[in-house]
Amino acid sequence: MYKIHVINQPFPTINFKGVSSTEIEDITRLLKTKNSHGYDEISTNILKWSICYISSPLTYICNKMLSFGVFPTRLKFAEVKPIFKKGEKKVTTNYRPMSLLTSFSKIFEKVIYNRIFHHINYNHILVNEQFGFRHASSTDIASYNLTKNILLALNNKLLVSGIVCDLHKAFNCVNHDILLSKAEFYGITGKAKDLIKSYLQGRCQRTLVDYDLKKYYSEWEIVTDGVPQGSILGPLLFLLYVNDIPNAISDISNPILYADDTSLIITNSDSQMFEKNINTAILQLNKWFKSNLLLLNLEKNPFSSICN
């Protein structure tokens, strides 16, 4: 059975409060106005124009979702469109998959997100080492903290090593059972846990390719792992998934996390202990990745540099 690395006291249990028509309307108005759409061909632009007429039935369905712990099945279908990044166009790995979810799904997800986000913030669940997908945080702040740790060590005449890790398709590799186990530890239990489980499982997707002014679709297939990319709730669930990384390595290093990117700063005045700590940190981190079924991108990892 999977065992969580976090050893602190359990967190309070979350309580999903009901949603009002006002909240549904506010959520809809704050969605980005787009003409793109999911398989149902309803864009957020259309939703915004019609929300005053449909907020009441949406409120009713959302409250049923929260009370029964079941995410609507028809909102779990996604079209995946390959977006070219760089390199040879005939190589599939040179494309980034972009998930097109239904606009209605974004409303339901935001309702859940607001409640989990409040629970996480109120109980100080996310570690301070995590800078990704958080309010008042950015890559600039993460870079600043990383640079500050290096300069402080150098000013104190310490040996410094930096280890940068990049995960291979991290969002797609999230194991649902492990994620639900961690969510339960963080107080997401009962109907709230049932709802997250329902949101993750039984999802379907198909590939959409535009070619010569025509659209081509693959067959619908079940998605067995991962959190939906392009979703509202997915990034927050991923942060919970990797939240215990610092507990596995913080005794010998200063980790900086930005979503699925992990950087370690290791310092020591003794060269032998310094080298030992580097090897230990890599082994501990790799053990954590393996136990959580995540893979390092071997084309980029591990990268280590030493300053003195």
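Select F71 first: this residue is buried, with a relative accessible area of 1% (buried means under 20% relative accessible area, exposed over 50%, partly exposed in between, with a 1.4 Å probe and protein chains only). The model is predicted, so local features need pLDDT of at least 70 and side-chain atom pairs count only at pLDDT 80 or more, while totals for chains, interfaces and linings use all residues. Residues are numbered from 1 along each chain as its sequence is written, and side-chain values use heavy atoms, with hydrogens and water left out.

The structure holds 13 aromatic pairs (rings of Phe, Tyr and Trp, the last by its six-membered ring, with centres within 6.5 Å; planes under 30 degrees apart are stacked, over 60 edge-to-face, the rest tilted). F71 and Y199 form an edge-to-face pair, 5.1 Å centre to centre with 85 degrees between the planes. F71 lies in the loop between α2 and β1 (77–84) and Y199 in helix α6 (residues 190–200), so the pair ties together parts 128 residues apart in sequence (helices, H or I of at least four residues, and strands, E of at least two, are DSSP runs numbered from the N terminus).

Stay on Y199 and show R203, which lies over the ring face at 4.7 Å from the ring centre (NZ of Lys or CZ of Arg within 6 Å of the ring centre and within 35 degrees of the ring normal). Next select R206: its charged end sits over the ring of Y217, 4.2 Å from the centre.

Finish with F11, F185 and Y186, which ring pairs link into a cluster.
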